[in-house]
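Hi,

Here's the structure I promised to pass on. Have a look at it first, and my notes on what turned up are just below.

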Amino acid sequence: RKPIAIPDLFELKRAGRKIVMVTAYDYPSALAAEAADVDMVLVGDSGAMTVLGHPSTVEVTVEEMLVLTRATRRGVNHAMLVADLPFGSYEVSDEQAIATAVRFVKEARVDAVKLERGDPDSVSRARAIVAAGVPVVGHVGLTPQSATALGGYRAQGRSAESAVRITDGLLALQDAGCFCIVLEAVPNALTAEIMPLTTVPIIGIGAGPATDGQVLVFHDLLGIREGKGAKFVRRYADLLDAMADGVAAYARETRAVSFPAPEHAYGIDEAELVRFRE
Ligand code: KIV
Ligand code: NA
C-alpha cells in the first residue's frame, strides 16, 4: 500500500471522512498505530511527559526527540509521520527553525514537522520551513509548550479576544503554507465557527466533532499513565494496570519458584554433563 501523502488528507477533508492521528514515541507504539490503520502518527513533544517522565514538554531536547522519532519511523510505513519541533529548537530565528526541521527529515525521515505555537513568530517560522521544502503542521489553541503563558493546561478561546487570537493564528498558519493544523482545547462552538474558514485539514483534540479529524495521545487513550488526564480524553484501555498486573504475577511466581517451569528449560545430553564434570 502506498504511504499516506498530503493530497490524501485533502481528499479525506473534501469527502468529509475523518482523519485519524495518534501519537507514538517508539517502535511498539508505532506498530500498534500502523496495525490500527491510522492516517497520521505524531511523535509529539508530549513524549517528554509520557515516555521520559518530565513534568512538562519544555525539557525534551532535539537529540531525545530524534531518538524517539527514529524508533517510531522504523515501525511506520503507511501512515504519515510528523514530529514536533521541541521547545527551544526553532524560536531563535527562521534559520534555526529550518536547520532543526531539516535534521528531522535527514536523520529521522519524517514526512513533516509540527510547530507548537500559533503566534506571529511561529507564522514566520512555518513559512520559512515550508519554503525550505519541509511540510509543516501548525498547532493553535492550547499549545502546551507555552502552557505557562496561557495560564496552565486549560481550554483556550473562551473569551471573544482569545477566540479572535486563535482564529487569526490558525488562518495565518494556513496562509503561511501549513498543510494541516492541530486545534487543541477550544469550545466546540468556536470550532464550528472556524471550520468554514479553513482550506487545510484541521485535526482536533478537545475541539469537538466538527474538525476534519482527531488526535489523541497514545498513553492517554490506552491508560498507560497515572491519573486520568484531560477532560477531552476517552480512555479505551487500562494498560498501565495490565502491565503492573503482569509484572506482579511474574514477581509472585519467581518468589514461589513456580517460574521457571519445565517448559522453559533447555536440555543437555547426560554424556555432555559427565564430560563437563571431568
Ligand atoms: O505533543 C503532542 O502530543 C501534541 C498533540 C496532543 C497534538 O502536540
Ligand atoms: Na506537542
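Let's start with Glu116, which counts as buried because it has 23 C-beta neighbours inside 10 Å (buried takes 20 or more other C-beta atoms within 10 Å, exposed 12 or fewer, partly exposed in between, with C-beta atoms placed from the backbone). Before going on: this is a predicted model, where local features need pLDDT of at least 70 and side-chain atom pairs count only at pLDDT 80 or more, while totals for chains, interfaces and linings use all residues. Residues are numbered from 1 along each chain as its sequence is written, and chains are lettered from A and ligands numbered from 1 in the order in which they are written.

Glu116 sits in the loop between strand 4 and helix 6 (helices are DSSP runs of H or I with at least four residues, strands runs of E with at least two, numbered from the N terminus). Leaving aside neighbours within four places in sequence, its contacts include Asp45, Asp84 and His139 (contact: C-beta atoms, placed from the backbone, within 7 Å).

Asp84 belongs to strand 3 and is buried too, with 29 other C-beta atoms within 10 Å.

Now the record: UniProt's unreviewed entry puts a "binding site" at Asp45, Asp84 and Glu116 (such annotations may be inferred rather than shown by experiment, and positions follow the numbering used here, with feature names shortened). These residues span 72 residues in sequence, yet no two of their C-alpha atoms are more than 8.9 Å apart, so they gather at one spot.

Cheers

Note on methods:
Contact = placed C-beta atoms within 7 Å.
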